[in-house]
Every structure is written in structure tokens, then in C-alpha cells.
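This briefing is for a reader who is new to protein structure. Look over the sequence and the model first, then read the points below.

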Amino acid sequence: MQNNGFSMVEMLLVVVIMSVITMLTISFIPIVDTNQEIHELISNYIYTCQELSMMQRMKVILNFESNRIIATSNDNQLTKIELPNKLYFYNNAISFNSSGNIDRGNTIMFDYNDKQTRIIFQLGSGRFRFE
């Protein structure tokens, strides 16, 4: 008798092994966190405004109001970002001097998806972190 192929049991075994491998790889795919996306959006905007203050050699003030951030210089609005309505900033402001640093440490608080988050700015460096 000539054996020219695979038996049904061998084929089922291969399908089971491939299914297990697929399930394992899919379970390790990270789920997108909307809070992380908001943090990145806010971080990118703050860094952009900081770079603007250094490149233009001017003081840039960031006003955090309800669900938006407004960048101004000499009472002129430079740029503004609207954030989702679920986000709420407690009114506060920070200012970057012409070297991109801040003159005083500050904490900006906001709520998003019923979770309170703080942005803590470090004195002098203009760097910040989320907590």
C-alpha cells in the first residue's frame, strides 16, 4: 500500500496546534488605552508650545480651561487645542520663558473618564509628568 498524503488525524493535529499558537499571540496584543492617548495628545501639545517659545524667543502662556488648552503670547492667541468633552481641566496656567523653562513649579489637574490626573511641572526645566 502506498502512503501519498496526510491522514485526517494529522491534519486535525496541525489545525489544533495552529489555533493554540494564534490564540496565544492574540492574547498578548496590547489593548489601546484612551487615557494614554489623551496623555500623549496633551504632552505633544505642551512640547510643541515649549519649542515655539524657544524658537521664537518669546514667553508662551498655556491656559488650561475646561476641555481645551490655549497658548497665548503678549495677549495674542497663538494656538488652541480642543479635547474631548469628557475631559475637564481645573482652570490653571503655566508659562514658558524664552529658553523653554518655567519660572515656578505647578500642578495642573484634570478629570477624564471619572479618573483624576495631575500634570506636575518641574521648576526650571519645563519638564513634566503625569500622575
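What follows covers overall build, the sheet, individual residues and salt bridges.

This is a predicted model, in which local features need pLDDT of at least 70 and side-chain atom pairs count only at pLDDT 80 or more, while totals for chains, interfaces and linings use all residues. Residues are numbered from 1 along each chain as its sequence is written, and side-chain values use heavy atoms, with hydrogens and water left out.

The protein has two helices and seven strands. Helices (H or I, at least four residues) and strands (E, at least two) are DSSP runs, numbered from the N terminus.

**Overall build**

- From the N terminus on, the elements run α-α-β-β-β-β-β-β-β.
- The radius of gyration of the protein is 25 Å, whereas a compact globule of 131 residues would have one near 14 Å. This radius is taken over C-alpha atoms, and the globule rule is 2.2 Å times the number of residues to the power 0.38.
- Along the principal axes, the C-alpha atoms fill a box of roughly 90 × 35 × 25 Å.
- Of the 131 residues, 30% count as buried. Buried means under 20% relative accessible area, exposed means over 50%, and partly exposed lies in between (1.4 Å probe, protein chains only).
- Among contacts with a separation of 6 or more, 45% come from residues 24 or more positions apart. A contact means heavy atoms within 4.5 Å.

- Seven strands form an open sheet in the order 3-2-1-4-5-6-7, with antiparallel pairing. Two strands pair if DSSP finds at least two bridges between them.
- Strand 3 (76–82) and strand 7 (128–130) are the edge strands, and each pairs on one side only.
- On average, neighbouring strands of this sheet are turned by 20° against each other, direction ignored. The axes are lines fitted to C-alpha atoms, for helices over the stretch in contact, and angles run from 0 to 180 degrees between N-to-C directions.
- Two bridges join strand 4 (residues 88–96) to strand 5 (residues 106–112) in the antiparallel sense.
- Phe-89 has Phe-110 in strand 5 as its bridge partner.

- Asn-106 belongs to strand 5. Asn-106 counts as buried because its relative accessible area is 12%.
- A polar atom of the Asn-106 side chain lies 2.8 Å from the backbone oxygen of Ala-93. A polar contact is a pair of N or O atoms within 3.5 Å; within protein, one must be able to donate a hydrogen and the other to accept it, and residues adjacent in sequence count only if both atoms are side-chain atoms.
- Leaving aside neighbours within four places in sequence, Asn-106 touches Asn-92, Ala-93, Ile-94, Ile-119, Ile-120 and Phe-121.

**A residue in helix 1**

- Thr-25 sits in helix 1 (residues 8–27), and its side chain reaches the backbone oxygen of Thr-22 at 2.9 Å.
- Thr-25 and Ile-69 are 44 residues apart along the chain, and their C-alpha atoms are separated by 40 Å.

**Positive phi in two loops**

- Most residues other than glycine have a negative phi.
- Arg-57 is not a glycine, yet its phi is positive, at about 55°. Arg-57 lies in the loop between helix 2 (34–56) and strand 1 (60–66), and is exposed at 60% relative accessibility.
- Asp-114 also has a positive phi, near 60°, without being a glycine. The loop between strand 5 and strand 6 (115–121) holds Asp-114, which is exposed at 86% relative accessibility.

**Salt bridges**

- There are four salt bridges in the count. A salt bridge is a side-chain nitrogen of Lys or Arg within 4 Å of a carboxyl oxygen of Asp or Glu.
- Glu-65 and Arg-68 form one of them, at 3.5 Å from N to O. Glu-65 is partly exposed at 28% relative accessibility, and Arg-68 is partly exposed at 27%.
- Lys-80 and Glu-82 form a salt bridge at 3.6 Å, N to O. Lys-80 is partly exposed at 43%, as is Glu-82 at 45%.
- Arg-129 and Glu-131 form a salt bridge with their closest N and O atoms 3.1 Å apart. A network of salt bridges links Arg-118, Arg-129 and Glu-131.
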